[in-house]
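Please look through the structure shown below before reading the report that follows.

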Amino acid sequence: MSETAEKLKLELSQLSAKERAEIAYFLIHSLDEGVDDNLENAWDTELTQRLEDINRKTAIGEPSSQVFSEL
């Protein structure tokens with residue numbers, strides 16, 4: 001690890017848990033360079049449609065006992 005990173009680790013260790021959590025959140029999300037907004041929108045649309053199908057009672061499902069026995 002670089003000297004800069006080691007210095008940062010020392011300084012960051014002195015922050016409050018809340019501050020460290022905020023920085024951790026930032027760092028983790030900074031790694032998500034390839035997030036595809038279209039993909040997230042597609043999943044939102046799919047999940048909304050499935051929920052509407054369930055509420056309209058038009059969804060076709062399988063009993064949980066069957067699903068778990070197949071697993």
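In which helix does Glu40 lie? Glu40 belongs to helix α3, which covers residues 37–56, where helices (H or I, at least four residues) and strands (E, at least two) are DSSP runs numbered from the N terminus. This is a predicted model, in which local features need pLDDT of at least 70 and side-chain atom pairs count only at pLDDT 80 or more, while totals for chains, interfaces and linings use all residues. Residues are numbered from 1 along each chain as its sequence is written, and side-chain values use heavy atoms, with hydrogens and water left out.

The protein holds 4 helices and 0 strands, and its pattern along the sequence reads α-α-α-α. Its radius of gyration is 22 Å, well over the 11 Å that the globule rule gives for 71 residues, so the protein is more spread out than a compact globule; the radius is taken over C-alpha atoms, and the rule is 2.2 Å times the number of residues to the power 0.38.

| Property of the protein | Value |
|---|---|
| Span of the C-alpha trace along its principal axes | about 60 × 30 × 25 Å |
| Accessible surface | about 6800 Å² |

The accessible surface comes from the Shrake-Rupley method with a 1.4 Å probe, and 58% of it belongs to carbon and sulfur atoms. Of the 71 residues, 0% count as buried, and Glu40 is partly exposed, with a relative accessible area of 47%; buried means under 20% relative accessible area, exposed over 50%, and partly exposed in between (1.4 Å probe, protein chains only).
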